[in-house]
Amino acid sequence: MNTGKTFRPVCGLLSATLLLTGCFNETQDEPVSGNEGRIRVAHLQPPRSGLTPLSDDAFKLSRWSTAETLVVLDSAGEAQPALSTKWQPINDTTWRFELRPDVRFHDDSTLTAQVVANALNVAANATPKPRILDGVKLTAKAEGDSTVLVTTANKDALLPQRLSSPQLAILSLNAYKENSVVDPVNTGTGPFILRRVDGTSSASLDRFEGYWGEKAKASGIDASFVPDGTARAAALRTGTADVVEAIPVSQAPLLEPSLVHEVPMPRTNTLYLNTARGVMKDPAMRAAVRDAVNRQQLVDNVYEHHADVAQGLLGPALPWAAKLRKPVADPGTAGTPDGASLTLATFSDRPELPEVAVYLAQQLAAAGFTVKQVVREYAQIEADALAGKFDAFILSRATVLDSGDPVAYMYSDFSCEGSFNISQLCRPEIDAALIKAGEIPAGEARRQAIMEAENLILASDATIPLLHERVIQGESAVLKNAQRDPRERTLIDGKTQLVSGDQNTGAL
């Protein structure tokens with residue numbers, strides 16, 4: 001029966017549903033066209049908010065290259081042109097953005113300053129706000145047809161970086177419906193048009209022939225949402241997916257190594273020590289914990305080598321950090337625990353953290369501490385952690401927010417007024433360093449100031465960075481130019497394509 005669909009050949013004339021292990025063709029490296037040029041993606045999480053860009057679903061829109069922002073970030077976190085080609089501050093609180101000419105939306109409407117202002121103002125007035133605008137009062141207005149003025153209530157040195165957040169994507173006027181509904185179907189500007197969303201099961205995108213830049217190599221994207229990690233790995237192994245998000249560590253050894261790619265994440269597994277009360281109030285006891293921790297054991301045994309030993313708060317996902325980091329000038333001298341009791345807590349939502357707690361408890365006991373462990377679900381333990389009810393708390397913490405900059409994270413976790421200050425840390429010199437870093441525009445001077453603040457934080461021994469996490473991304477042998485983005489903003493872009501090369505299914 002002729003279904004009208006064309007399947008990619010796998011080791012000869014095989015159905016796409018047939019698994020054949022250990023079968024190879026010589027690599028042709030020729031682009032695949034037509035329906036066969038569609039890239040199949042298996043995602044970790046389904047949409048949670050109907051793919052509105054005002055939620056975390058925005059990151060799916062950016063990973064599919066369907067919704068675009070005024071600017072994008074490079075690997076150093078610097079703002080680069082996207083829908084805006086130039087920008088400059090005109091006073092302490094207002095920036096002028098010049099728009100790229102001749103940009104059309106997927107519904108064939110035109111990108112204008114009025115459309116951009118509408119998109120930004122909707123985001124600024126949303127309830128809840130996109131997280132990139134937490135604490136930020138922002139307004140936008142058109143200045144003619146091709147220039148937008150963006151004003152904040154207070155000086156914001158990172159405004160261009162802030163506008164790179166996928167949650168501030170610019171959609172056509174047709175996207176904004178009644179009752180605060182924002183519909184990204186057929187309303188973006190990117191190289192792929194979002195055509196259809198089937199609830200929390202799948203989505204379909206086609207190449208946008210009217211794209212303002214270079215047209216996409218692939219003819220489309222077929223996305224599926226597969227929360228089960230074993231099933232996602234199986235999709236790569238059987239050839240039913242071309243790119244797979246977040247392959248579990250346990251599944252990686254079952255895949256052909258050439259199909260497995262590790263991406264460093266801006267996320268640090270960190271031990272926070274309570275500086276305000278209990279045994280960890282004593283700097284000598286914090287130093288004893290610091291010296292007792294064996295990070296390599298955690299990387300080897302818990303993460304099975306799929307993580308990086310932490311040298312500081314900021315890891316390989318921010319490549320500039322290691323180059324600018326200096327040793328702590330005067331590390332505290334460790335005391336003798338002599339059986340001192342401490343409560344070590346973490347949460348079970350991330351399955352690796354209780355295992356990290358077991359190893360840390362063993363290490364601390366070997367150093368002379370008496371350790372009590374507390375493990376709960378995050379929703380049941382967060383309030384106690386923030387209230388300082390534990391001596392030590394293990395947390396997997398994102399170190400950059402949507403601006404691509406770590407100052408907000410550092411201020412939240414380590415300043416006197418920080419809203420997430422689990423260590424109960426309050427040092428005037430740290431606050432001063434963070435305020436200084438926050439006032440400097442993006443660039444080398446700001447990065448230097450960030451690392452000076454990190455050095456002061458590490459010197460306090462209020463936090464012990466353990467390891468930097470990685471995510472494992474699977475890519476089929478016929479996929480080329482998938483994006484491996486530490487910020488998880490991009491995955492498939494206009495250069496990503498399928499080639500009629502080695503058809504290895506990915507099974508060992």
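In this predicted model, helix α11 passes helix α12 in a left-handed crossing. The two helices, α11 and α12 (residues 444–459), pack at an angle of about 165 degrees, and their axes sit 8 Å apart. With an angle over 145 degrees counting as roughly antiparallel, α11 therefore runs roughly antiparallel to α12. On the α11 side, the contact is made by Glu-429, Ile-430, Ala-433, Leu-434, Lys-436, Ala-437, Gly-438 and Glu-439. Helix α12 answers with Arg-446, Ala-449, Ile-450, Glu-452, Ala-453, Leu-456 and Ile-457. Sorted by type, the residues of this α11–α12 contact come out as 9 nonpolar, 1 polar and 5 charged.

Helix α11 (residues 428–439) also has α10 (residues 407–414) as a partner, with axes that come within 10 Å and cross at roughly 160 degrees. That angle makes α10 roughly antiparallel to α11, and here too the crossing is left-handed, with α10 passing α11. From α10, the residues involved are Val-407, Met-410, Tyr-411 and Phe-414. From α11, they are Ile-430, Asp-431, Leu-434, Ala-437 and Gly-438. The tally for the contact of α10 with α11 is 7 nonpolar, 1 polar and 1 charged. Some α11 residues turn up in both contacts: Ile-430, Leu-434, Ala-437 and Gly-438 are among those that meet α10, and they are also among those that meet α12.

Strand β16 (residues 392–398) holds Arg-397. Is this arginine buried or exposed? Arg-397 has a relative accessible area of 16%, and since buried means under 20%, Arg-397 counts as buried. Its side chain makes a polar contact of 2.7 Å with the side chain of Asp-413. Setting aside neighbours within four places in sequence, Arg-397 touches Pro-266, Arg-267, Thr-268, Tyr-272, Tyr-409, Ser-412, Asp-413 and Phe-420.

Next comes helix α4 (residues 229–237), whose buried residues are Gly-229, Arg-232, Ala-233, Ala-235, Leu-236 and Arg-237. What covers these residues includes β1 (38–43), β11 (243–244) and β17 (463–475). The N-terminal end of α4 is capped by Asp-228, with a side-chain oxygen 3.2 Å from the backbone nitrogen of Thr-230. After the helix comes Gly-239, which has a positive phi, near 80 degrees.

Two loop residues round out the picture. Ser-65 is found in the loop between α1 (58–63) and β2 (71–73). Despite being in a loop, Ser-65 is buried, at a relative accessible area of 10%.

Leu-259 and Gln-296 are 37 residues apart in sequence, and their C-alpha atoms are 26 Å apart in space.

Technical notes. Residues numbered from 1 in each chain as written. Predicted model: local features only at pLDDT ≥ 70, side-chain atom pairs only at ≥ 80, totals over all residues. Heavy atoms only, no water. Axes fitted to C-alpha atoms, helices over the stretch in contact; angles between N-to-C directions. Helix = DSSP H or I, 4+ residues; strand = E, 2+ residues; numbered from the N terminus. Parallel < 35°, antiparallel > 145°, perpendicular 65-115°, else oblique. Left-handed = near helix turned anticlockwise from the far one by under 90°. Contact = heavy atoms within 4.5 Å. Nonpolar A, V, L, I, M, F, W, Y, C, P; charged D, E, K, R; others polar. Buried < 20%, exposed > 50% of the residue type's maximum accessible area, 1.4 Å probe, protein only. Polar contact = N/O pair within 3.5 Å; in protein donor to acceptor, adjacent residues only side chain to side chain.
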